Amino acid sequence: MKCVIIAGSPEYNIDFIKSQINKDDFVVCADKGYEYCKKAQITPDLIVGDFDSYDASLPENVETIKLNPVKDDTDTLSCIRKCMEKGYKEFVILCALGGRLDHTFANLSLLLFLFKNNCTGVIKTEKESVYLISDSALKVENLKSKTFSVFPFGCENAYISYEGKTAYPVENFLLKSEFPIGISNIFLEDNVKISVSSGNVILIINENI
């Protein structure tokens, strides 16, 4: 069973949110994410936030944690911490890209936080999926012809290899944080394994390109 967090980006798609939630998932809303949850006619299991971006009524029958607006954690990070306390290790984060660039960057950083706390995470929109790979491998399936990009994240350099056909094949290739050579590759077959032997990378898969 996974934890699905609905964040508060102004760029959201209600039908996509519905498609990503299964009946056994633990659904958490981060502040304004509750507005999207209501529009999707989904009852969350938990709502967390300082409610600076959502000021309407909150449900009485859902566990709600109201945060002090003067805090170190973002609302979404607070959601993750609360769910980790409940034992969840697998996270899907929705409505976390777009809008303010600083908010987007903060949400990308959560993938590294999850990894360092022995959890897995992906940020998803209807247009892209974002993963963090660190000293490990990720096998992707059924993505032939889709575009993807990889960039070092939270480190200066990373070494990367692709097992399977890609437009630009690499083996133990050095990615440097100041040189975005990892942009706009293409999967040429359905099954490709992306391996990182040193460092961390952000993998961005473009679902519609």
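The sulfur of Cys 79 lies 6.5 Å from the closest cysteine sulfur, that of Cys 83, which is too far for a bond; a disulfide is defined as a pair of cysteine sulfur atoms within 2.5 Å. By this rule the count comes to zero disulfides. The model is predicted, so that local features need pLDDT of at least 70 and side-chain atom pairs count only at pLDDT 80 or more, while totals for chains, interfaces and linings use all residues. Residues are numbered from 1 along each chain as its sequence is written, and side-chain values use heavy atoms, with hydrogens and water left out.

**Overall architecture**

- The protein contains four helices and 14 strands; helices (H or I, at least four residues) and strands (E, at least two) are DSSP runs, numbered from the N terminus.
- Along the principal axes, the C-alpha atoms fill a box of roughly 55 × 30 × 30 Å.
- Of contacts between residues at least 6 apart in sequence, 62% join residues at least 24 apart; a contact means heavy atoms within 4.5 Å.

**Surface and charge**

- Buried residues make up 46% of the 209 in the protein. Buried means under 20% relative accessible area, exposed over 50%, and partly exposed in between (1.4 Å probe, protein chains only).
- The protein exposes about 10900 Å², of which carbon and sulfur atoms supply 48%. Accessible areas come from the Shrake-Rupley method with a 1.4 Å probe, and for residues only the protein chains shown count as cover.
- There are 22 positive and 29 negative side chains, with the centres of the two sets 3 Å apart. Lys and Arg count as positive and Asp and Glu as negative, whereas His and the chain ends are not counted; each charge is placed at NZ of Lys, CZ of Arg, CG of Asp or CD of Glu.

**Cysteines**

- Cys 79 is buried, with a relative accessible area of 0%.
- Cys 119 is in no disulfide, since the nearest cysteine sulfur, that of Cys 3, is 9.7 Å away. Cys 119 is also buried, at a relative accessible area of 7%.

- Helix 3 (residues 75-85) has Asp 75, Thr 76, Leu 77, Ser 78, Cys 79, Ile 80 and Cys 83 as buried residues.
- The cover over these buried residues includes strand 1 (3-6), strand 2 (26-30), strand 3 (46-49), strand 5 (90-94) and helix 4.
- After helix 3 comes Gly 87, whose phi is positive, near 100°.
- Asn 107 is part of helix 4 (residues 101-116) and counts as buried at 9% relative accessibility. Not counting residues up to four places away in sequence, Asn 107 touches Thr 76, Ala 96 and Ile 123.

**Leu 94 in strand 5**

- Leu 94 belongs to strand 5 and is buried, with a relative accessible area of 0%.
- Neighbours within four places in sequence aside, Leu 94 is in contact with Val 4, Ile 5, Ile 6, Ala 7, Phe 16, Ile 17, Gln 20 and Lys 124.
- Leu 94 and Cys 79 are 15 residues apart along the chain, and their C-alpha atoms are separated by 13 Å.

**Asparagines with positive phi**

- Asn 142 has a phi near 60°, a positive value in a residue other than glycine. Asn 142 sits in the loop between strand 8 (137-140) and strand 9 (147-152) and counts as exposed at 62% relative accessibility.
- Asn 172, likewise not a glycine, has a positive phi of about 50°. Asn 172 occupies the loop between strand 10 (157-163) and strand 11 (173-176) and is partly exposed, with a relative accessible area of 45%.

**Ser 197 in strand 13**

- Ser 197 is found in strand 13 (residues 192-198) and counts as exposed at 52% relative accessibility.
- Leaving aside neighbours within four places in sequence, Ser 197 is in contact with Asp 135, Tyr 159 and Asn 172.
- Ser 197 and Ser 136 are 61 residues apart in sequence, yet 6.5 Å apart in space, C-alpha to C-alpha.
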